[in-house]
Amino acid sequence: MKKKIAVLNLCAMLLALSFSVHAQENFFQGKSIRIIRGGQPGDLYDLWTRHVAQYLGKHIPGNPGTTVQNMPGAGSVIAANYVYNVAKPDGLTLGSINPGIYMDQLIGRKEVQYDWAKFNWIGTPEQTESVVIFRGDSPNKTIDDLRKAAEPPKCGSTGTASTTYHIPKLIEEVFGVKFNIITGYQGAADIDLALERGELQCRLITIAAFFGREPHISWFKKGFTRPFVQTGKRRDALLPDTPTLYDLMDRYKTRDADRRLATLVIAPNEFGRPWTAPPGMSADRIKILRDAWNNTLKDPDLLAEAKKRRWPVEPVAGEQLAALAKEVIAQPPEVVQRLKKLLGE
């Protein structure tokens with residue numbers, strides 16, 4: 001009798017699982033997933049978003065369509081607010097947002113209407129390191145040159161929520177130099193135009209974009225721009241002669257408190273180009289999206305096209321990003337105060 005009951009229970013569980021899977025397939029079938037990209041069209045974040053979106057639907061039960069909607073402004077804070085508060089938690093609206101905007105939450109900026117740790121993280125196609133670049137005609141070639149500069153060089157940024165702002169401010173704080181950071185650009189394309197016109201002398205850019213996107217490929221080859229310092233703990237193989245921030249901290253014997261601050265500010269590189277979903281989504285829907293993401297980043301067609309574009313594919317799963325999100329938000333008060341000072345609060 002017990003054996004018969006056990007068999008019946010097992011059958012019931014399998015039947016329930018079958019109904020659940022079928023329900024998920026029915027949910028996505030005939031629908032379209034909208035990805036909110038928190039930036040302008042055309043930069044590498046946007047290109048990566050569209051590249052993944054192109055293949056995502058075929059790895060989701062029901063094979064939904066996908067569309068990408070750009071929502072620029074405030075370094076992705078506007079897009080993050082929308083995904084967190086406005087989008088329904090049904091899996092049909094996802095976010096592709098910039099990775100450094102958790103700092104705005106940490107320092108209590110009123111524009112922030114999200115909790116970084118409560119997003120449902122989907123994954124990132126790569127973890128990114130960045131490089132500060134200068135125009136080739138700038139006299140600033142080293143940190144010592146910056147210290148002696150008659151006036152601070154102008155660097156472009158989308159806003160105080162962006163790594164294009166955070167990293168120059170970190171360099172100021174740790175090495176005692178000065179940048180004039182011009183904020184308010186809508187995206188990377190606008191910063192590039194300002195650099196080309198001579199309105200700016202420097203900017204931060206991911207290493208992948210520097211070597212994988214025009215006009216930067218041509219600019220570097222022609223000497224119009226040159227790398228100044230990179231963010232990784234180790235020098236990237238493409239930039240063997242460019243020092244890292246850690247190289248400079250060793251050279252200038254940076255104190256431990258500054259090193260801890262640097263680790264927090266550079267953490268966006270670990271988030272890479274993250275995709276997220278609203279809070280409050282059911283566990284089975286999140287699992288479907290994360291599984292689809294993982295399979296999409298193994299798709300032979302996606303990988304072949306990324307290779308042609310010289311884009312590294314080193315995906316990180318949503319579970320890992322979720323753990324990292326909780327870690328960066330859990331900061332002691334003294335670190336938050338240093339961060340406030342760094343960001344001018």
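**Rings, pockets and a strand**

Me: At what relative accessibility does Phe220 count as partly exposed?
Reply: This is a predicted model, in which local features need pLDDT of at least 70, side-chain atom pairs count only at pLDDT 80 or more, and totals for chains, interfaces and linings use all residues. Residues are numbered from 1 along each chain as its sequence is written, and side-chain values use heavy atoms, with hydrogens and water left out. Buried means under 20% relative accessible area, exposed over 50% and partly exposed in between, with a 1.4 Å probe and protein chains only. Phe220 counts as partly exposed because its relative accessibility is 32%.

Me: How many aromatic pairs does a search of the whole structure find?
Reply: Rings of Phe, Tyr and Trp (its six-membered ring) pair if their centres lie within 6.5 Å, and planes under 30 degrees apart count as stacked, over 60 as edge-to-face and the rest as tilted. Searched as a whole, the structure gives a number of aromatic pairs of 19.

Me: Why is the pair of Phe211 and Phe220 edge-to-face?
Reply: Phe211 also forms an edge-to-face pair with Phe210, at 5.1 Å centre to centre and 75 degrees between the planes. Phe210 and Phe211 are both buried. For Phe211 and Phe220 the centres are 5.4 Å apart, and the pair is edge-to-face because the planes stand at 85 degrees.

Me: Which residue lies over the face of Tyr45?
Reply: A charge sits over a ring if NZ of Lys or CZ of Arg is within 6 Å of the ring centre and within 35 degrees of the ring normal. Lys31 has such a place over the face of Phe27, at 4.7 Å from the ring centre. Over the face of Tyr45, at 4.5 Å from the ring centre, lies Arg273.

Me: Which element gives the largest share of the lining of the largest pocket?
Reply: On a 1 Å grid over the protein atoms alone, a pocket is an open set of points where a 1.4 Å probe fits, with protein on both sides within 12 Å along at least five of seven lines, and lining residues have an atom within 4 Å of a point. The largest pocket has 24 lining residues, and among the closest to its centre are Gln127 and Asp236. Helices (H or I, at least four residues) and strands (E, at least two) are DSSP runs, numbered from the N terminus. At least two lining residues come from each of α8 (207-212), α11 (256-266) and α12 (268-271), and the largest share, four residues, is that of α8.

Me: Which element gives the largest share of the lining of the second largest pocket?
Reply: Of the 34 residues lining the second largest pocket, those closest to its centre include Asp43, Tyr45 and Ser162. Elements that give two or more residues to this lining include α2 (44-56), α6 (163-175) and β8 (202-206). The largest share, four residues, comes from β8.

Me: In β9, which residue is the bridge partner of Ile133?
Reply: Strand β5 (residues 130-135) is largely enclosed by the rest of the structure, because six of its six residues are buried. Two strands pair if DSSP finds at least two bridges between them; β5 pairs with β8 in the antiparallel sense over five bridges, with Ser130 opposite Thr206. Five bridges also join β5 to strand β9 (residues 225-230), again running antiparallel. In β9, Ile133 has as its bridge partner Pro227.
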